[in-house]
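Please keep the display in view while I talk.

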Amino acid sequence: MKTLQFFTSIFIAGLVLGCNSTETKKTEIASEDRYIPKEYVQVKHPEWSKNAAIYQLNTRQFSEEGTFRAAQKELPRLREMGIDIIWLMPINPIGEKNRKGTLGSPYSVKDYYGVNPEFGTLDDLKAFVKEAHELGMYVILDWVANHTAWDNNLVNEHPEWYKRDYKGNFRPTPWWDWDDIIDLDYSKPELRKYMTEAMKYWVKEADIDGYRCDVAGFVPIDFWDNLRTELDAIKPVFMLAEWESRDMHAHAFDMTYAWSWNEKLHKICKGQADVNELYIYYSWNESFFPDNSIRMTFVSNHDKNAWEGTMWEQFGDGVEAAIVLSVVGDGMPLIYNGQEAGEPKRLAFFEKDPIVWKPHPIGDLYKKLFALMKKNTALWHADWGALMIKVPNTNEKEVFSFVRQNEKDKVFCVFNFSANTQNVTLKEDLYHGTYRDFTTQEMITFNEDTTFSMAPWTYKVFVKE
């Protein structure tokens with residue numbers, strides 16, 4: 001009996017040691033997992049965004065009528081130009097209390113569930129979205145979650161959802177001159193639920209395809225993270241953050257603004273900096289922003305146009321080169337309505353000031369560039385596209401040169417971002433080969449003996465076939 005007990009004890013001890021050994025190995029394996037890289041971007045981009053161009057539509061100024069119905073008539077033209085995503089500026093009723101100008105700012109929202117009668121009705125909006133869908137385009141709404149108008153219905157129904165100043169009064173966003181709005185307080189769970197339900201409403205009711213979120217960084221990121229989950233449960237959506245930060249890309253947004261790209265290129269084109277500014281931007285973009293994220297590149301938008309100047313004022317003689325880089329470089333290109341017509345004025349923000357529509361070479365340029373972008377997989381967005389690789393040259397403070405290539409496609413691009421003619425020699429052999437000139441359609445072969453003479457503010461885009 002004792003002998004049996006002895007051997008039984010030995011057997012159990014062995015099992016325990018064996019189990020402990022197994023558990024130890026599991027722990028060791030688990031501890032090694034911490035060194036395995038993890039995908040930062042958990043958002044699943046809609047397939048249709050892979051080579052998309054985005055168009056910002058200011059309903060008030062887009063037509064003489066300033067309505068959804070009038071804008072709807074132009075959708076075939078936008079589709080023909082190569083537009084995939086229509087971003088409608090805020091469609092909600094505008095506050096009257098402390099209103100700026102005659103018509104007010106569309107970013108002063110009076111009712112999150114309403115349609116601004118200036119633009120039409122809910123049925124008009126639905127018809128606009130339906131037509132866009134039938135043409136193969138998608139529609140995102142501009143959403144103002146950070147603040148409301150002073151006379152939004154929530155002010156009376158839920159005054160506890162608003163932030164207060166040191167005197168206990170409702171307050172506009174601190175430090176800005178946004179005195180026509182007051183800030184919401186996202187420490188309130190009830191507000192978060194209300195805002196989420198309001199945003200879900202437009203996806204369900206009007207069949208919209210996502211949102212451009214105003215000053216997204218002023219709203220807590222965990223609100224946006226949860227919102228994306230709830231919206232995607234209805235249908236796959238596309239989300240654009242008016243912000244420039246890595247954390248936006250993890251769980252909430254497909255795309256963020258490339259504000260820095262615009263600002264650096266503006267300085268170069270105004271003679272206030274050289275091409276080193278672009279090296280800084282693209283280094284930061286590649287190293288700081290996560291793989292599979294999308295940045296939005298642009299030479300104009302409603303803010304830039306209204307407060308800082310037209311594309312001509314902002315970029316001068318470099319405007320066409322800047323437009324080309326916004327499409328062939330990394331990022332999804334945005335066009336602000338009126339650019340394609342060469343609109344020469346700053347569109348009034350608080351008044352009626354319709355665009356004067358006419359054919360213009362800028363519109364032709366965008367159309368050709370978008371056609372190239374859709375066809376050439378190296379120019380696609382996020383993980384669908386290819387990295388930009390610097391091609392060294394002999395005039396790197398003035399001339400910007402790079403290649404984008406994958407197993408299927410390749411482009412080689414050279415820009416003279418200076419006011420002087422540049423004679424440049426390229427280094428290394430990344431660019432060698434035979435290409436078609438994007439502008440002239442001529443075939444050209446490059447080797448180690450190739451040199452360029454480039455006039456001021458010109459560009460060359462070569463497409464490998």
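Let me begin with a term: a residue is called buried when its relative accessible area is under 20%, exposed when that area is over 50%, and partly exposed in between. What we have here is a predicted model, and by that cut-off Cys-413, with a relative accessible area of 0%, is buried. Cys-269 counts as buried too, because its relative accessibility is 9%.

How many disulfides are there? The count comes to 0. For Cys-269, the nearest cysteine sulfur is that of Cys-413, 16 Å away, whereas a disulfide would need the two sulfur atoms to lie within 2.5 Å.

Turning to the strands, 8 of them close into a barrel with parallel pairing, in the order 1-2-3-6-7-8-9-10, and from one strand to the next the twist averages 25°. As one example of that pairing, strand 8, residues 255-257, is joined by 3 bridges to strand 9, residues 294-297, and Tyr-257 stands opposite Met-296 in strand 9.

Now to the nonpolar residues. The largest nonpolar core has 123 residues, and those touching the most other members are Ile-86, Tyr-211, Trp-224, Phe-400, Phe-415 and Phe-417. If we leave aside residues up to four places away in sequence, the contacts of Phe-415 include Ala-321, Val-324, Leu-325, Phe-402, Met-454 and Tyr-459. There is also a second, separate core of 13 residues, with Val-414, Leu-426, Tyr-435 and Met-454 among them.

Finally, the charged side chains, where the count comes to 32 salt bridges. In one of these, Lys-374 meets Asp-84 at 2.3 Å, N to O. Lys-374 belongs to helix 15 and Asp-84 to the loop between helix 4 and strand 2, so this pair ties together parts that are 290 residues apart in sequence.

Another salt bridge joins Arg-192 and Asp-222 at 3.2 Å, N to O; since Arg-192 lies in helix 7 and Asp-222 in helix 8, the pair ties together parts that are 30 residues apart in sequence. Asp-222 is partly exposed, with a relative accessible area of 42%. I will end with a network of salt bridges, which links Asp-142, Arg-212, Asp-214 and Glu-242.

Key. Residues are numbered from 1 along each chain as its sequence is written. This is a predicted model: local features need pLDDT of at least 70, side-chain atom pairs count only at pLDDT 80 or more; totals for chains, interfaces and linings use all residues. Side-chain values use heavy atoms; hydrogens and water are left out. Two strands pair if DSSP finds at least two bridges between them. Helices (H or I, at least four residues) and strands (E, at least two) are DSSP runs, numbered from the N terminus. Axes are lines fitted to C-alpha atoms, for helices over the stretch in contact, and angles run from 0 to 180 degrees between N-to-C directions. Buried means under 20% relative accessible area, exposed over 50%, partly exposed in between (1.4 Å probe, protein chains only). A nonpolar core is a set of buried Ala, Val, Leu, Ile, Met, Phe, Trp, Tyr and Cys residues joined through side-chain atoms within 4.5 Å. Contact means heavy atoms within 4.5 Å. A salt bridge is a side-chain nitrogen of Lys or Arg within 4 Å of a carboxyl oxygen of Asp or Glu.
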